[in-house]
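Here are my notes on the model, point by point. Please read them with the structure open.

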Amino acid sequence: PQGIGSPSVYHAVIVIFLEFFAWGLLTAPTLVVLHETFPKHTFLMNGLIQGVKGLLSFLSAPLIGALSDVWGRKSFLLLTVFFTCAPIPLMKISPWWYFAVISVSGVFAVTFSVVFAYVADITQEHERSMAYGLVSATFAASLVTSPAIGAYLGRIYGDSLVVVLATAIALLDICFILVAVPESLPEKMRPASWGAPISWEQADPFASLKKVGQDSIVLLICITVFLSYLPEAGQYSSFFLYLRQIMGFSSESVAAFIAVLGILSIIAQTIVLSLLMRSIGNKNTILLGLGFQILQLAWYGFGSEPWMMWAAGAVAAMSSITFPAVSALVSRTADADQQGVVQGMITGIRGLCNGLGPALYGFIFYIFHVELNELPMPESPSGGSVVAQYHLQQNSIIPGPPFLFGACSVLLALLVALFIPEHTNLNVRSSNWKKHCGSHGHPHSPQAPGEAKEPLLQDTNV
């Protein structure tokens, strides 16, 4: 087989690290270019760009996953990484084309789906969650370090060097896939030719969503996930821009915020989550995570000082335990032959939120006129920019309206989650569901049961 050595988790880890390290370097330059390109409707345009990308990813993920089951993983790793990183050099060439290509690249921005399938091909069932954890930790590590490096290099040498460096790392990732990554899908699992048929049911992104109402417990869990992840997806898309333009954070401060939040989230999703699951139980852990999320969003919404953002960020790290706890609940209570179906429904709902959330946040910012008509001025003696302080005086009651909306949405999720029983068996009785499972019957499908341990990760969040 082509590549260096036999397929391993470390091949997948390197692919993920290089891709997201390249994008992490561009965190600070992207915020500046976004505001310079769309000075009057920054938040609205940011929401629309990320929203289109998220919806396209949601629509294309099942098809790409099904095709990779037939044609192999390596070619689709190459395809997803290439098109996800294609916008990077355009940042300095043409900002308009940069943002346009980012939106369209959502069709292929599903590297994680292919990487998880790659890992599933080469691991046994009992070791898969540990392998996914290694991939996830690598993702977090790349985003903990790269924004700070990009902000530092941009301040010393200018943003052009950062863009060139990010482009070089993306090209290195593509070359690594071409030269070093071996194919993980066994030859016997692939058809003799590339003409193998793909059924519409395999490629239908709404297939899992259609089955939500067939079990009351599944319905409660899915509503909880939708109401809690919708504001989270919107927050990921706009929060760093909000810190930079409204709260007056410098590029270095935003990078430091990302690093601290990432480290705290890793601790919360490993050590703290494990302790809570053993001490207070699965359902109570979900409720606690939702409670922290409400507090965090309300704090972001009413906070008008930088220290409030830092304090709320610590609470945000604790709120990241919610989705792993939901996945654990589903994994423990669903029948063995229905794990992929139920997990696929939750993954589909989160993918839908990745499209709706950013657009919703951008629209709310637009409705409440949370925009800047000029670039941030030099810092005032009190530490924040003059523009940011003027803006906060104009909107002192609710500086961040979308975050307050998000808090109300999560409060509804908390009320719904109260009705989820602690111990139950999710019995999906419909034969159509099992037929759906059968259509994805490849033992290494991206929606394998091991993905129940998948952390809060989505390509579009970057």
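1. Axes first. An axis here is a line fitted to C-alpha atoms, for helices over the stretch in contact, and angles run from 0 to 180 degrees between N-to-C directions. Helices (H or I, at least four residues) are DSSP runs, numbered from the N terminus. This is a predicted model: local features need pLDDT of at least 70, side-chain atom pairs count only at pLDDT 80 or more, and totals for chains, interfaces and linings use all residues. Residues are numbered from 1 along each chain as its sequence is written, and side-chain values use heavy atoms, with hydrogens and water left out.

2. Helix 11 and helix 18. Helix 18 covers residues 401-417, and its axis comes within 8 Å of that of helix 11. The two cross at roughly 160°. Helix 11 is therefore roughly antiparallel to helix 18 (angles under 35 degrees count as roughly parallel, over 145 as roughly antiparallel, 65 to 115 as roughly perpendicular and the rest as oblique). The crossing of helix 11 and helix 18 is left-handed, a term used if the near helix is turned anticlockwise from the far one by less than a right angle; clockwise is right-handed.

3. Ser-237. This residue sits in helix 11, residues 216-245. Ser-237 is buried, at 16% relative accessibility (buried means under 20% relative accessible area, exposed over 50%, partly exposed in between; 1.4 Å probe, protein chains only).

4. Helix 1 and helix 7. These helices, residues 9-25 and 111-122, pack at an angle of about 165°. Their axes are 9 Å apart. That makes helix 1 roughly antiparallel to helix 7. Their crossing is left-handed.

5. Gly-106. Look at the loop between helix 6 (95-104) and helix 7: Gly-106 lies there. Gly-106 has 0% relative accessibility and counts as buried. Gly-355 is 249 residues away along the chain, yet the C-alpha atoms of Gly-106 and Gly-355 are separated by 9.9 Å.

6. The salt bridge. How many salt bridges does the rule give? The count comes to one, where a salt bridge is a side-chain nitrogen of Lys or Arg within 4 Å of a carboxyl oxygen of Asp or Glu. Glu-252 pairs with Arg-155, and the closest N and O atoms are 2.5 Å apart. Glu-252 lies in helix 12 and Arg-155 in helix 8 (residues 125-157), so the pair ties together parts that are 97 residues apart in sequence. Glu-252 is partly exposed, at 31% relative accessibility. Arg-155 is exposed, at 52%.

7. The nonpolar patch. Helix 12 (residues 251-279) also gives the most to a nonpolar surface patch, with six residues. The patch is about 590 Å² and is made by Val-260, Ile-263, Leu-264, Ile-267, Ile-271, Leu-275 and Trp-310. Patches are made of residues with over 30% relative accessible area and no salt bridge: like charges are joined within 9 Å, nonpolar side chains (Val, Leu, Ile, Met, Phe, Trp, Tyr) within 5 Å. Areas come from the Shrake-Rupley method with a 1.4 Å probe; for residues, only the protein chains shown count as cover. Val-260 is found in helix 12 and is partly exposed, at 39% relative accessibility.

8. Lys-283. Is Lys-283 buried or exposed? Lys-283 is buried, with a relative accessible area of 18%. The residue belongs to helix 13, residues 282-302. Lys-283 and Leu-329 are 7.6 Å apart, C-alpha to C-alpha, and 46 residues apart in sequence.
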